[in-house]
Amino acid sequence: MGTVLTNKDLQELLKNFSVDQDHYVFRRIDQGFINDTFLVLKKGQPRYILQRINHEVFMDVAGVMGNMTKALNYLNDEDYSLVVLIPAKTTNSYYELNHEEFWRLMEYIPNSFAHDFANNSKEAYEAGRILGKFHLLMGNAPVDQFVDTIPKFHNLSFRWQQFQEALKNAVSVRRNKADTAISFAEKIMPRLMELSTHEMPLRPCHNDTKLNNILFSKTTNKALCFIDLDTLMKGHFYYDFGDLVRTIANTAKEDEKEHHKISFHRPLFESFLDGLASNGHFLTQDELKSLLLGTVLMPFIHGLRALTDYLNNDKYYTVSYADQNLDRSLSLFDFSKKALNELSYIEEIVAKKLKHTQY
Ligand code: GN1
Ligand code: MG
């Protein structure tokens, strides 16, 4: 979104929320690709998370905040930390500035941390456990009350169509540079269509379950909850499963250029499955079968979206260097290829570990 915001601007903004008007220090968090996020500190201690919602990506901000508020009624349990939204003084769940900027404020969950890679089997297990917990809790919510804030978000045919459009309109320098990625996408797409399953039950899903959207406790190392509920809307369980697997079983960066560092890490994947299975029965037979698709589809679809954005001159994601979208697409494609090579193993181990969850 570009504009430089000073401490003073942010301090002014905070006046619109029901919090003590004190002296705060704001520290930008650069992890996301979409929103502007700031950690708000008081006397050196983190107190709040302040976020400007990217209105170009989330056109229906009221819908996003409505979904989030509804979900928070369910996402509260002794084993699941509640994310607390601090309402704006207008009593809305967010603050709207001149009809063009949308801000929200959340309490910082003390003693928590998030990270990009699973460091050990305990973290992988915890990620699986909290994913199951999230779905068990959200399973109590009527799915129809959630609106589609980004329609067809993980729909492969739709993303393919957007890619084709971008390919047609791309400048030749970028199209040529992306040649390898384009050929890969074209080669793999038919395999994914083959794997695609239809008629899957709809659930309220998080839809952006990458590992760094899970908060862990610094004291117990247990997973506490998911953050970043922007894309919480209807979806299929395999979306959330696959998106987490791509950041658990792969310990390389999303824009990793050295592909030999990318692998499908079986032991971490198995611990993740154990954590998921610890939640007991909650998946249908069809959902269990679709997990295979999820592990290959999610890295592929993110790779395809990054490639599409590269061809569109980086309109969607905030990039931190020139070819980041292209690097992301190549790295994500590489992981989806490595997951494809593991299909029979994945099928076998999923059946073994999640067997007791079959009806
Ligand atoms: C975007 O900004 P961030 O990191 O929360 C994207 C996700 C991707 C992610 C990185 C609304 O999320 O789908 O997983 O980048 N969110 C949206 O790959 O497009
Ligand atoms: Mg997100």
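A pocket here is an open set of points on a 1 Å grid over the protein atoms alone, where a 1.4 Å probe fits, with protein on both sides within 12 Å along at least five of seven lines. This is a predicted model, in which local features need pLDDT of at least 70, side-chain atom pairs count only at pLDDT 80 or more, and totals for linings use all residues. Residues are numbered from 1 along each chain as its sequence is written, and side-chain values use heavy atoms.

View 1. The largest pocket holds about 950 Å³ of space, a volume filled by probe spheres set on the grid points. Its lining (residues with an atom within 4 Å of a point) numbers 44 residues, with Gln51, Asn212, Asn213, Ile227 and Asp228 nearest the centre. By class, 22 are nonpolar, eleven polar and eleven charged.

View 2. Of 18 residues around the ligand (a heavy atom within 4 Å), Phe33, Lys210, Glu254, Arg305 and Tyr316 come nearest.

**View 3. Polar contacts to ligand 1.** Look for N or O pairs within 3.5 Å. Polar side-chain atoms lie 2.5 Å from a ligand oxygen for Tyr316, 3.0 Å for Arg328 and 3.3 Å for Arg246. The protein covers 96% of the 450 Å² of accessible area that ligand 1 has on its own (Shrake-Rupley method, 1.4 Å probe).

Notes: Chains lettered and ligands numbered in written order. Nonpolar A, V, L, I, M, F, W, Y, C, P; charged D, E, K, R; others polar. Polar contact = N/O pair within 3.5 Å; in protein donor to acceptor, adjacent residues only side chain to side chain.
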